Amino acid sequence: MIDPSDDAAKRSAREWLSVLARYRDPSTRRSLFELAATLPPFVLIWVLAWKAMSVSPWLALALGCLNGLFLVRIFIIQHDCGHGAFLRNRRLQDWIGRILGVLTLTPYAVWRRTHAIHHAHHGDLDHRGIGDVTTLTVGEYRARSPLGRFMYRLYRHPFVLFVLGPSYLFILQNRVPLGLMTQGWRYWASAMGTNAMIGIALALIVWFGGSLPVLVIFLPTLVVAATLGVWLFYVQHQFEQTHWSKGVDWDLHNAALEGSSHYVLPQPLRWLSGNIGIHHVHHLYSRIPFYRLPEVIHHHAELADVQRLTIRDSLRTVRLHLWDEEQDKLISIREAQERYL
C-alpha cells in the first residue's frame, strides 16, 4: 500500500511524476476485459434498437440515445490507445484504436496527433487552436471588432457549444485532417480510410434497413455521445480557477495539474466515462490506463481535492468565456464588460 499521507501542497507538479509512474503499466487481461465489457453491450443495444423499430420507432430512438453512453466509453478506450496506455503491444493497440475510430467517427491517427498537441500545449496562451476549446483573453476580446465579438459570443453560446458544435465536429469536421492537412499523407490516409469504412457501414445499414435505422439509431447514438464527450472535455479545462499563462511563466506540468479538473461523478457515470473525470491526474501522466486512475486517487487521497468539480459546479462553468490575465481566472463576458469595457 502506498502511503496516502503525503501532502499534495508540498509536492510540485513535476515531483508527482515519479509517484504517478508507478501506475503507468497496463494489464493486458484487464484492458481486454474492459473492451469486452464495452463493445458487446454496445452491439447488443444496437441489435435491440433495430428489432424495436418494428414495435415503435420511438423505442428504437430511446435505445439509440442510451447507446450513446456506451459510445462515450468506446471513445475513452480509443483515447487510451492513442496515449499508448491500453496495451503493451503497440501494433495491436493502434489497430484497436483505428477500428474504434470508425465507431466514433474519429480518424485515429489524426485525433492522436491533435490530442497530443493539446496535451503538449494546454494552458499555453502562446499556443492555442488545435485540440482545445477556443478561449480568448479579455484583451483579445476587447481588440476584436463588434462582429468579431459577436462571433465569439455565438461560438461560446451553450446551444452552439454543446448542441450544434459536437455534431458538426464528429459528423463533418472529422472527415478531413483539419489542422494537419499539410503535415503528411498518413493523416489523410487515416481520415479517408475511416471515412471509407463509415461509408461502407452506412451503406450496409441502408441496404438492410433503409434510412430509418440511420435516423433513429445511428444518428441519435452519435449525437448523444458527441454532446456528452464535448461536455466532458469542456468541464475538464473550462472552470474558474483553471490555468493559463504564456512565455516563461508557462510550465507543462503545472498547467496539467492546475488546469485540469477532478470532475466528481456518480459511480455509473464514472464507469461509462472511463474515469476521465480524474482529468488532472490524466493530464499530468497520460500513460496511466483509465481503469487505474481511481487507484491513484485511492492511494493519494489528497489528489481527490485538487481542482474538485461537482456536477452542480460544472453547470456554472457555461457562463465563463474569457481568461482574465489580471485576476488569473475565467470570467463571463458580462463581468468583463462591467470591469473593463
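Helix H6 of this predicted model contains 14 residues. From its first C-alpha to its last, H6 reaches 20 Å, close to the 20 Å expected at 1.5 Å a residue. The buried residues of H6 are Tyr108, Ala109, Val110, Trp111, Thr114, His115, Ile117, His118 and His119. Their cover includes the helices H4, H5, H10 and H11, together with helix H12 (252-258) and helix H14 (279-284). After H6 comes glycine 123, which has a positive phi near 80°.

Histidine 79 is found in helix H4. Is histidine 79 buried or exposed? Histidine 79 counts as buried because its relative accessibility is 5%, and buried means under 20%. Leaving out residues up to four places away in sequence, histidine 79 touches Trp111, His115, Ile276 and His282. Trp111 and His115 are themselves buried residues of H6.

**The nonpolar cores**

In soluble globular proteins, nonpolar side chains tend to be buried together. The largest nonpolar core of this model has 50 residues. Which of these residues touch the most other members? They are Phe86, Ile96, Ile217, Tyr234 and Tyr263. At least two core residues each are supplied by helix H3 (39-52), helix H4 (57-82), helix H5 (90-104), helix H6 (108-121), helix H9 (158-172), helix H10 (185-209) and helix H11 (212-235). The largest share, twelve residues, comes from H11.

Phenylalanine 86 may be followed in more detail. With its neighbours within four places in sequence set aside, phenylalanine 86 is in contact with Pro26, Ser31, Leu35, Ile77, Asp80, Cys81, Gln93, Ile96, Phe290 and Tyr291. One of these partners, Ile96, is also listed among the core residues that touch the most other members. A second, separate core has 19 residues, including Tyr23, Ile278, Ile288 and Leu303.

**The surface and the loops**

Val176, Leu178, Met181, Trp188 and Met192 make a nonpolar surface patch of about 400 Å². Valine 176, one of these residues, is found in the loop between H9 and H10.

Two residues other than glycine have a positive phi. For leucine 105, in the loop between H5 and H6, phi is near 60°. For glutamine 307, phi is about 50°; this residue is found in the loop between helix H15 (293-299) and strand E3 (308-309).

Leucine 59 lies in helix H4. Leucine 59 and leucine 48 are eleven residues apart in sequence, and their C-alpha atoms are 9.6 Å apart in space.

| Residue | Relative accessible area | Class |
|---|---|---|
| Leucine 105 | 5% | buried |
| Glutamine 307 | 21% | partly exposed |
| Valine 176 | 31% | partly exposed |
| Leucine 59 | 41% | partly exposed |

Why does glutamine 307 count as partly exposed? Its relative accessibility is 21%, and the partly exposed class lies between under 20% for buried and over 50% for exposed. Leucine 105, at 5%, counts as buried.

Notes: Residues numbered from 1 in each chain as written. Predicted model: local features only at pLDDT ≥ 70, side-chain atom pairs only at ≥ 80, totals over all residues. Heavy atoms only, no water. Core = buried A, V, L, I, M, F, W, Y, C linked by side-chain atoms within 4.5 Å. Buried < 20%, exposed > 50% of the residue type's maximum accessible area, 1.4 Å probe, protein only. Helix = DSSP H or I, 4+ residues; strand = E, 2+ residues; numbered from the N terminus. Contact = heavy atoms within 4.5 Å. Expected span 1.5 Å × (residues − 1). Patch = residues over 30% accessible without salt bridge, like charges linked within 9 Å, V, L, I, M, F, W, Y side chains within 5 Å. Areas by Shrake-Rupley, 256 points an atom, 1.4 Å probe, with all protein chains shown as cover. Salt bridge = Lys/Arg side-chain N within 4 Å of Asp/Glu carboxyl O.
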